[in-house]
Amino acid sequence: MMNSYPTPYPEVNDVLDRLLIGAQRVLGDQFVGLYLYGSLSSGDFNPHSSDIDFVVITAEELPAEMVAALEKLHSDLAASGLEWAAKLEGCYLPQRDLPRHNPTMAPCPHINEGHFYLAKHGSDWAIQRHILRECGVVIAGPPVAPLIDPVSADDLRQAVRGVLREWWEPQLRESP
């Protein structure tokens, strides 16, 4: 099991170790790399409120049987009793879709706190790609920065407007 790497949190490292081993077992030659982004990569992790943001890069789009095996992997992780297994939030993304945000890309497998589903990335993916490129943590695989095109300030501004439109505006309309 991992100890102080890749994070200073042994319990988080245990979950990441199991995720890595399981993803490599399921994906085989499709596995390119496992990376952390979000608060664990930026130094803002709060053990009381944060989640574990990750992305697994795959060689290509995954066939249905691999997606089903990944769903079982995450179900087994959630049932493991490990505290942080329920706080995994990430996706399995084909390498061709990593360099830049493509709203027309095919849905890919996502996990969010125990809920496994297929979805496209929203406008916030430009922000997440920027964080991944600039301060992503390599768990396994090649360095991630060269795999991602630079994210322009205009792309980041558009992403923020998209988040306001997609996430916050509906909440304002629905609030009592």
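1. Five elements each supply at least two residues of the lining of the largest pocket, namely the strands β3 (88-94), β4 (108-112) and β5 (115-119) together with the helices α4 (125-135) and α5 (153-174). Please keep in mind throughout that this is a predicted model.

2. The volume of this largest pocket comes to about 470 Å³, and 21 residues form its lining, with Y37, E89, D124, Q128 and W167 lying nearest the centre. By residue class, the lining of the largest pocket divides into eight nonpolar, eight polar and five charged residues.

3. The second largest pocket holds about 180 Å³ of space, and its lining consists of R100, H101, S123, A126, R129, P150, V151, D155, Q158 and A159. Two or more of these lining residues come from each of α4 and α5, and α5 gives the largest share, three residues. In terms of class, the lining of the second largest pocket contains four nonpolar, three polar and three charged residues. Both α4 and α5 are also among the elements that supply at least two residues to the lining of the largest pocket.

4. On the cysteines, a search of the whole structure returns zero disulfides. C91 takes part in none, its nearest cysteine sulfur being that of C108, 4.7 Å away, whereas a disulfide would need the two sulfur atoms to lie within 2.5 Å. C91 counts as buried because its relative accessibility is 1%, the limit for that class being under 20%.

5. F116 belongs to strand β5, one of the elements that supply at least two residues to the lining of the largest pocket. With a relative accessible area of 13%, F116 is buried. Leaving aside residues up to four places away in sequence, F116 touches V67, L70, E71, H74, P109, H110 and I111. As for Y9, which stands 107 residues from F116 along the chain, the C-alpha atoms of the two residues are separated by 25 Å.

Conventions. Residues numbered from 1 in each chain as written. Predicted model: local features only at pLDDT ≥ 70, side-chain atom pairs only at ≥ 80, totals over all residues. Heavy atoms only, no water. Buried < 20%, exposed > 50% of the residue type's maximum accessible area, 1.4 Å probe, protein only. 1 Å grid on protein atoms, 1.4 Å probe; cavity = no way out; pocket = protein on both sides within 12 Å on 5 of 7 lines; lining within 4 Å. Points joined across faces, edges and corners; volume = space filled by probe spheres on them. Helix = DSSP H or I, 4+ residues; strand = E, 2+ residues; numbered from the N terminus. Nonpolar A, V, L, I, M, F, W, Y, C, P; charged D, E, K, R; others polar. Contact = heavy atoms within 4.5 Å.
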